[in-house]
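Hello,

Here is the structure I promised to pass on. Please have a look, then read my notes below.

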Amino acid sequence: MDDLTILNEIHKGVTMGMSSLEDVAKKSSDSNFKDELTTQFTTYQTTLNKVNNEFANIGEIPDDAPLNEKVMGWTGIQMNTISDTSNSKLSEILIQGYDMGVIKGFKLLNQNPKASQNVKNILNGFIRLQENNINRLKKFL
């Protein structure tokens with residue numbers, strides 16, 4: 001089912017993104033940067049609520065992201081910030097993750113043409129959210 005495939009991928013992307021935002025926020029001491037991350041986290045929560053509501057509407061539950069992906073995400077942040085926890089470096093890490101999410105989102109749209117319009121709308125919103133987050137982080141590079 002196209003809808004279930006897309007919803008599971010969005011759910012995985014949102015939960016991994018929220019986890020990354022929390023991990024990156026712990027690395028920063030800049031209150032302005034942390035405020036930006038909090039704003040982004042809140043927008044992710046809104047998307048997660050939409051996805052969870054759609055899962056409930058179709059009578060399904062989301063798959064959890066595989067543990068190895070969660071560990072790799074955390075480890076990547078730790079390794080990439082050993083010697084540099086500047087806003088620039090932290091923004092770069094997040095932007096790279098958002099870029100991967102945008103690419104994945106467009107692939108999902110193109111590879112699942114029979115998805116319902118509602119699910120496509122949620123996915124398009126998630127893509128725009130990530131693009132917006134990239135633009136918001138550029139000032140910290």
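**Helix packing**

Helix 4 crosses helix 5 with left-handed geometry. Keep in mind that this is a predicted model. The two axes lie 9 Å apart, and helix 4 and helix 5 pack at an angle of about 155°. Helix 4 is therefore roughly antiparallel to helix 5, since the angle is over 145 degrees. On the helix 4 side, the contact includes S91, L94, I95, Y98 and D99. G101, V102, G105, F106, L108 and L109 of helix 4 also take part. Helix 5 contributes K120, L123, N124, I127, Q130, E131, N133, I134 and L137.

Helix 1 and helix 2 also form a left-handed crossing. Their axes come within 9 Å and cross at roughly 155°. Helix 1 is therefore roughly antiparallel to helix 2.

**The core**

The largest nonpolar core has 34 residues. Which of them touch the most other members? They are I10, L37, Y44 and L137. Two or more core residues come from each of helix 1 (2-25), helix 2 (31-58), helix 4 (87-111) and helix 5 (117-137). Take L37 as an example. Leaving aside residues up to four places away in sequence, L37 touches L21, V24, A25, L94 and L137.

**Confidence**

The protein chain has an average pLDDT of 91. At least 70 is reached by 90% of the residues. Among the elements, helix 5 has the highest mean pLDDT, at 97. Helix 3 (residues 67-80) has the lowest, at 65.

Best wishes

How values were computed. Residues numbered from 1 in each chain as written. Predicted model: local features only at pLDDT ≥ 70, side-chain atom pairs only at ≥ 80, totals over all residues. Heavy atoms only, no water. Core = buried A, V, L, I, M, F, W, Y, C linked by side-chain atoms within 4.5 Å. Buried < 20%, exposed > 50% of the residue type's maximum accessible area, 1.4 Å probe, protein only. Helix = DSSP H or I, 4+ residues; strand = E, 2+ residues; numbered from the N terminus. Contact = heavy atoms within 4.5 Å. pLDDT = per-residue confidence, 0-100. Axes fitted to C-alpha atoms, helices over the stretch in contact; angles between N-to-C directions. Parallel < 35°, antiparallel > 145°, perpendicular 65-115°, else oblique. Left-handed = near helix turned anticlockwise from the far one by under 90°.
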